[in-house]
Amino acid sequence: MHGIATARLAKKALLFATVLAAAAPLYGCYTPGERALGGGIIGGLGGAGIGALASGGLAGPMLASAAIGSAGGALIGAATAPRPYYRRHRYYY
């Protein structure tokens, strides 16, 4: 029984580390280009993971879903970038 509990704990820790590493590229991203790049990375990784699970590890569907996820993540990341504002003739983000 101890081995099963340890394996579940290791899976949870690995999942948490993966989610944290996937969110790291978006930390401090303010320009649309930075947001698009971070969103593309996260979308591509998510799409590849879903494609691998859905297709049983076949390369073709996994790459296709990674490309779709990457494109979608880049579009959403660029669209959700904060808008710049002007103050005292300086350009701020």
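Reader: What percentage of the 93 residues of the protein chain count as buried?

Author: In this predicted model, 17% of the 93 residues of the protein chain count as buried.

Reader: And which elements does the protein chain have, from the N terminus on?

Author: The protein chain holds three helices and two strands. Their order from the N terminus is α-α-α-β-β.

Reader: Turning to α3, which of its residues are buried?

Author: The buried residues of α3 are Ser65, Ala66, Gly69, Gly73 and Gly77. Viewed down the helix axis, the buried residues of α3 lie within an arc of 105°, so they line one face of the helix.

Reader: Why would residues three or four places apart point the same way?

Author: An α-helix has 3.6 residues a turn, so residues at that spacing point the same way.

Reader: What covers the buried residues of α3?

Author: The cover includes α2, residues 32-55.

Reader: Which residues are exposed on the other side of α3?

Author: Leu63, Ile68, Leu75 and Ala79 are exposed there.

Reader: How far apart are the end C-alpha atoms of helix α3?

Author: They are 30 Å apart. Helix α3 has 21 residues, 59-79, and at 1.5 Å a residue it should span 30 Å, so the two values agree.

Reader: A change of topic: what is the accessible surface of the protein chain?

Author: The accessible surface comes to about 7100 Å², and carbon and sulfur atoms contribute 72% of that.

Reader: Finally, what share of the contacts with a separation of 6 or more comes from residues 24 or more positions apart?

Author: Such residues account for 45% of those contacts in the protein chain.

Methods. Residues are numbered from 1 along each chain as its sequence is written. This is a predicted model: local features need pLDDT of at least 70, side-chain atom pairs count only at pLDDT 80 or more; totals for chains, interfaces and linings use all residues. Side-chain values use heavy atoms; hydrogens and water are left out. Helices (H or I, at least four residues) and strands (E, at least two) are DSSP runs, numbered from the N terminus. The expected span of a helix is 1.5 Å times one less than its number of residues. Buried means under 20% relative accessible area, exposed over 50%, partly exposed in between (1.4 Å probe, protein chains only). The arc is that of the directions from the helix axis to the C-beta atoms. Contact means heavy atoms within 4.5 Å. Accessible areas come from the Shrake-Rupley method with a 1.4 Å probe; for residues, only the protein chains shown count as cover.
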